[in-house]
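This report describes selected features of a predicted model.

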Amino acid sequence: MKKKLINIFTNDTEVSLETQATLTKKLIDRGYTVTGEYSQEAELIICIGGDGAFLETVHSCDFPSCPIIGINTGHLGFFQEISPENMDKFISDYEQGEYSIQDLSTVLATVTTVDGRENRHVGLNEIVIKGRQSYSVHLYISIDGKPIEKFSGDGILVATSAGSTAYNYSLGGSIVDPRLKLLQVTPIAPMNTTAYRSFTSSVLLPAELSLGVVPEFRENRIFIMNDGIETGYSNVRDIKVEVSDTTVHLLRFKDYDFWNKVKTKFL
């Protein structure tokens, strides 16, 4: 009988490495093959660390098709469900099938430059569009092809439901249940004066609508950040932001409740 394969990734802090060593031994003793490199043959990915480590794992594995579960050795740990002291219960519940799969939608930004080249950026939490450091950015915003506003400020953030509790929340955006498939557009330091008029609160868009962004000055530097990964562009013609077809599959156990986690993490 072929041994089942599990991948384990960690952020390399001391507590994470200790947790990894302990968990690896427990899984091997149960007959699993455990590796620290992503394989498409894996039936499960375990990420040890905080939310940053979780996002890094998702991106380094190129949004894997197999489920992911997190062990929290960081601070907030919103994606991470398991604490290190509950590893035995996690293994037992996993083997008995006492879990469900939570599918999280992602957000896609397609950047088209003046020469017609297209570049795609996918985020689990968010896409951020901004200008150079300490420079304001001026963006023509449209929704489903219809002009809405000329935004002026530090930039805009487009969050998924899952990302609503991350950077979006710190900007004053709304917390959204991840079971809702939508995009939340949140301004970053918007200008709202007699010279500039911008939305100062978040806008929620249904999943079937897309956001269009056109920089006022194409020669200016525009930066795209997908989950903190920054890419700079010059001569941007337009940017389209929409719900992506890519999905992240989280392993959730029967006692998981999103709103209870919101209460314990934020209140």
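## Salt bridges

K89 and D93 join their side chains in a salt bridge, with an N to O distance of 2.7 Å. The two residues are four apart in helix 3, so about one helical turn separates them. K89 is partly exposed, at a relative accessible area of 47%, whereas D93 is buried at 11%.

The whole structure contains twelve salt bridges. Another of them links the side chains of E81 and R252 at 3.5 Å, N to O. Because E81 belongs to the loop between strand 4 and helix 3 and R252 to strand 15, this pair ties together parts 171 residues apart in sequence. R252 has a relative accessibility of 5% and therefore counts as buried, the limit being under 20%. A further salt bridge, of 3.8 Å from N to O, is formed by the side chains of K240 and E242. K240 is partly exposed, with a relative accessible area of 37%, and E242 is also partly exposed, at 22%.

Just after helix 3, G97 adopts a positive phi of about 75 degrees.

Helix 2 (residues 51–60) is mostly covered, with seven of its ten residues buried. These are D51, A53, F54, L55, T57, V58 and H59.

## Strand 12 and its partners

Four of the five residues of strand 12 (residues 211–215) are buried. Strand 12 pairs with strand 8 (residues 137–143) in the antiparallel sense over five bridges, and G212 of strand 12 stands opposite S142. Strand 12 also runs antiparallel to strand 15, to which three bridges join it; here V213 has I239 as its bridge partner.

## Nonpolar cores

The largest nonpolar core comprises 24 residues, and I129, L139, L211 and I239 have the most contacts inside it. Strands 5, 7, 8, 9, 10, 12, 13 and 15 each supply at least two residues of this core. Apart from it lies another core of 19 residues, including I45, L108, L124 and A162.

Beyond its neighbours within four places in sequence, L211 is in contact with residues including I141, I143, I156, V158, V185, L205 and I239. K240, the salt-bridge partner of E242, is likewise in contact with L211.

How values were computed:
Residues numbered from 1 in each chain as written. Predicted model: local features only at pLDDT ≥ 70, side-chain atom pairs only at ≥ 80, totals over all residues. Heavy atoms only, no water. Buried < 20%, exposed > 50% of the residue type's maximum accessible area, 1.4 Å probe, protein only. Pairing = 2+ DSSP bridges. Core = buried A, V, L, I, M, F, W, Y, C linked by side-chain atoms within 4.5 Å. Contact = heavy atoms within 4.5 Å. Salt bridge = Lys/Arg side-chain N within 4 Å of Asp/Glu carboxyl O.
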